[in-house]
Amino acid sequence: VLAAVAGLLVGLGGLTRYSFGWLLLPTLVFLALFTGSRRGVLCLVALAAFAAVMTPWIVRNWNLSGTPFGTATYDLLQGTPLFPGNRLERSLAPTLQLPLSVLWGKLFANTLSLLKDLLAGLGGGWITAFFLVGLLVGFRNPAIRRMRCFLLLCLGLLILVQALGRTHLSDDSPEINADNLLVLLLPLVVVYGISLFYTLLDQINFTPLVLRPAAFGAFGLLTCLPMLFTLSTRTSPVVYPPYHPLLIQQTASWMKEDELIMSDIPWAMAWYGDRQCVWLTLNATADPNNPNAGENFSTINDSQKPIRGLYLTQKTTDSRFVSDWIRAGEGSWGNFITDAILKREVPVNFPLRQMPTGYMPEQLFLSDWKRWQ
């Protein structure tokens, strides 16, 4: 029963975050090492429970997209010299080939970065430091020793998985992002960190005895100080720039429910505005030097579904001038924004030409007709 529950829990974790499914490997290794003669049966039970949870969703993904994990299937390609930043997710017809040398380069570079910031990746703070030292302490309880073995297996595996699966999310939000898998181990890290603290505290002869609970309280306070300071500091819930919920809702209200919008923050338009939105293509218009490239606005507008609105925020207008604008070519969004904001005009053949007041120069909204009147 416990083996089935272990496989079930890993499967449920995999449904919330696909990378969590890799923890099935240390789970099976743990069962094989510490369950005696029944190890084969228990491993099969855990594997069957995991498959029972994950298989229906994988089949659903395959039927819809032809991939087992949707866009997450291509995380290995992201963050490589071939697809820097969010280039892959914004590509309409990418060449999905990855030389092995590029993959090794991504693994080594990201692993080195993870090892340098291991304390922050595990949650940071005093307890994480106690945990790392506590790995060298011998425990008499066999259950604690076995759990420590499982924790180390998970830690080593997740470092490799996180290094290979690193995407642009780590650059957009370095502290909190979906790429951080090490934080999943924080509950066990806390347990072992506190256990070392108690072990060290037992070596001190407190006189008077009242100092012992005082030491417990001081340790707890130091551990919780970052959270207490965060909760006591009043900050605005609006993360502007680039997210302005009221402005996004106003923009979305001009569009019909079945109409398509293009934006550099499509997730925010879908969340706050409840409208269909596609991510910004790699280019705004066709490059005169390569007119058949197809990675531009017209590819979606002419061949898939008409785009009735274009909403750009500071994620685009505040981009790096040389790296993101000049080097992208004549058909880049950089040139498009320069003409739209500075010259108050858009390319002649661009289908969206109506521009309301109140957005520029920070943001830009274009539509096919004056919907705001």
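How many bridges join β1 to β2, and do the two strands run parallel or antiparallel? Four bridges join them, and the strands run parallel. The model is predicted, and the protein chain has an average pLDDT of 87, with 96% of the residues scoring at least 70.

**Confidence by element**

Among the elements of the protein chain, the mean pLDDT is lowest in helix α15 (residues 321-326), at 65, and highest in helix α3 (residues 39-65), at 96. Where pLDDT is low, the predicted coordinates should not be read in detail.

**The sheet**

Strands β1 and β2 belong to an open sheet of four strands, ordered β2-β1-β3-β4, in which the pairing is mixed. The edges are formed by β2 (276-279) and β4 (364-367); each has a single partner strand, so one side of each is left without a neighbour in the sheet. On average, neighbouring strands of this sheet are turned by 25 degrees against each other, direction ignored.

Strand β1 (residues 260-263) is also joined to β3 (residues 307-312) by four bridges, and this pair runs parallel.

| Helix | Residues | Strands touched | Angle of directions |
|---|---|---|---|
| α12 | residues 266-273 | β1, β2 and β3 | about 170 degrees with β2 |
| α16 | residues 333-342 | β1, β3 and β4 | about 85 degrees with β3 |

**Nonpolar cores**

The largest nonpolar core has 32 residues, of which Leu-122, Leu-155, Leu-182 and Leu-185 touch the most other members. At least two residues of this core come from each of α1 (2-16), α2 (24-34), α3, α4 (100-116), α7 (142-164) and α9 (186-201). Helix α7 supplies the largest share, nine residues.

Which residues does Leu-185 touch, not counting residues up to four places away in sequence? The contacts are Leu-151, Cys-154, Leu-155 and Leu-158.

Notes: Residues are numbered from 1 along each chain as its sequence is written. This is a predicted model: local features need pLDDT of at least 70, side-chain atom pairs count only at pLDDT 80 or more; totals for chains, interfaces and linings use all residues. Side-chain values use heavy atoms; hydrogens and water are left out. Two strands pair if DSSP finds at least two bridges between them. Axes are lines fitted to C-alpha atoms, for helices over the stretch in contact, and angles run from 0 to 180 degrees between N-to-C directions. Contact means heavy atoms within 4.5 Å. pLDDT is the predictor's confidence in each residue, from 0 to 100. A nonpolar core is a set of buried Ala, Val, Leu, Ile, Met, Phe, Trp, Tyr and Cys residues joined through side-chain atoms within 4.5 Å. Buried means under 20% relative accessible area, exposed over 50%, partly exposed in between (1.4 Å probe, protein chains only).
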